[in-house]
Amino acid sequence: MKLYSFFRSSASYRVRIALNLKGLAYDQVPIHLRRGGGEQLQPGYTTINPQALVPALEDGGKVLTQSLAIIEYLEEKYPQPTLLPRDPADRAIVRSMGLVIACEVHPIQNLRVLNYVKSTYGQNDEEVNAKWAQHWINLGLSALETMITAQPDRGQFCFGKAPTLADICLIPQLGNARRYGCDLTKYPAILIIEKSCMTIKAFADAAPEKQPDAE
Ligand SMILES: N[C@@H](CCC(=O)N[C@@H](CS)C(=O)NCC(=O)O)C(=O)O
């Protein structure tokens with residue numbers, strides 16, 4: 001398997017965690033999101049992913065894009081260890097936790113969105129980080145903190161006693177949150193989950209600073 005990724009990309013980080021949890025070997029092809037105006041925008045990569053976003057996963061001659069579609073593919077093809085609970089309602093809860101991050105938080109503070117806000121509305125880095133990124137991240141994390149603490153059978157993870165798709169989405173987002181100056185002490189349950197996840201090798205090995213293209 002070949003993973004097109006960028007060390008600091010949280011969507012790539014999600015897929016790295018899932019691959020590691022399932023014990024799957026993969027080669028990484030680094031796509032630098034800033035160098036030369038962004039390698040994701042160059043034709044060599046847009047033929048792989050027309051959306052000009054990382055990650056993309058090549059497997060069995062096919063290219064898959066969108067981190068959650070890739071993770072669901074891995075889950076279906078390599079069911080153990082499972083990343084979703086068995087009960088359909090519980091699966092929906094775990095997916096909804098993951099989607100808080102992947103649909104509502106992450107896309108609004110993606111590189112191209114921040115660049116657009118800066119150039120179109122004349123905002124500087126500080127304004128975009130403080131007024132825009134922090135606002136959307138805090139909105140999502142505070143909802144997720146409530147969803148997590150509302151679980152009747154809580155363990156050390158977002159849902160239950162083992163890592164799921166929800167943790168896979170949450171952990172990479174916390175790095176972004178810190179980068180944009182969010183105060184994470186407001187989210188004690190989330191911080192406990194982060195601590196538990198980072199004791200697991202699959203999560204620790206997927207961290208940005210451990211990647212071959214890390215700066
Ligand atoms: N929904 C997509 C999001 C992918 C995405 O936004 N990737 C970011 C890095 S985390 C990216 O490639 N950004 C490049 C850009 O904004 O130009 C997924 O989950 O794969």
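Which helix holds serine 10? Serine 10 is found in helix α1, where helices (H or I, at least four residues) and strands (E, at least two) are DSSP runs numbered from the N terminus.

## About the model

This is a predicted model, in which local features need pLDDT of at least 70 and side-chain atom pairs count only at pLDDT 80 or more, while totals for chains, interfaces and linings use all residues. Residues are numbered from 1 along each chain as its sequence is written, and side-chain values use heavy atoms, with hydrogens and water left out.

At 5% relative accessibility, serine 10 counts as buried; here buried means under 20% relative accessible area, exposed means over 50%, and partly exposed lies in between, for a 1.4 Å probe and protein chains only. Not counting residues up to four places away in sequence, serine 10 touches His106, Pro172 and Asn176, where contact means heavy atoms within 4.5 Å. The C-alpha atoms of serine 10 and alanine 69 are separated by 15 Å, and these two residues are 59 residues apart along the chain.

Arginine 8 belongs to the loop between β1 (2-5) and α1, and with a relative accessible area of 30% arginine 8 is partly exposed. Leaving aside neighbours within four places in sequence, arginine 8 is in contact with Arg34, Asn176, Arg179, Pro208 and Glu215. From C-alpha to C-alpha, arginine 8 and leucine 33 are 9.0 Å apart in space, although 25 residues apart in sequence.

## How α1 packs with α3

The helices α1 and α3 pack at an angle of about 10 degrees, with their axes 9 Å apart; the axes are lines fitted to C-alpha atoms, for helices over the stretch in contact, and the angles run from 0 to 180 degrees between N-to-C directions. That makes α1 roughly parallel to α3, since angles under 35 degrees count as roughly parallel, over 145 as roughly antiparallel, 65 to 115 as roughly perpendicular and the rest as oblique. In this contact, Ala11, Arg14, Val15, Ala18 and Leu19 of α1 meet Ser67, Ile70, Ile71 and Leu74 of α3. By class, the residues of the contact divide into 7 nonpolar, 1 polar and 1 charged, where Ala, Val, Leu, Ile, Met, Phe, Trp, Tyr, Cys and Pro count as nonpolar, Asp, Glu, Lys and Arg as charged, and the others, Gly among them, as polar.

Leucine 74, which is found in helix α3, counts as buried at 0% relative accessibility. Not counting residues up to four places away in sequence, leucine 74 touches Met1, Ala18, Leu19, Lys22, Leu24, Leu57 and Pro79.

## The largest pocket

About 760 Å³ of space lies in the largest pocket. Of the 33 residues that line the largest pocket, the closest to its centre are Leu53, Val54, His106, Asn110 and Leu111. The elements that give two or more residues to this lining are α1 (10-21), α3 (67-77), α4 (88-105), α5 (111-121) and α7 (165-179). By class, the lining has 15 nonpolar, 13 polar and 5 charged residues.

On a 1 Å grid over the protein atoms alone, a cavity is a set of points where a 1.4 Å probe fits but cannot get out, whereas a pocket is an open set with protein on both sides within 12 Å along at least five of seven lines, and lining residues have an atom within 4 Å of a point. Grid points are joined across faces, edges and corners, and a volume is the space filled by probe spheres set on the points.

## Backbone features in the loops

Most residues other than glycine have a negative phi, and most peptide bonds are trans. Alanine 52, in the loop between α2 and β3, has a positive phi of about 60 degrees although it is not a glycine, and alanine 52 is buried, with a relative accessible area of 12%. Glutamine 66, in the loop between β4 (62-65) and α3, has a positive phi of about 70 degrees although it is not a glycine, and glutamine 66 is partly exposed, with a relative accessible area of 46%.

The peptide bond from valine 54 to proline 55 is cis, with omega near 10 degrees, and proline 55 has its place in the loop between α2 (43-46) and β3 (56-59). The peptide bond from glutamine 80 to proline 81 is cis, with omega near -10 degrees, and proline 81 is found in the loop between α3 and α4.
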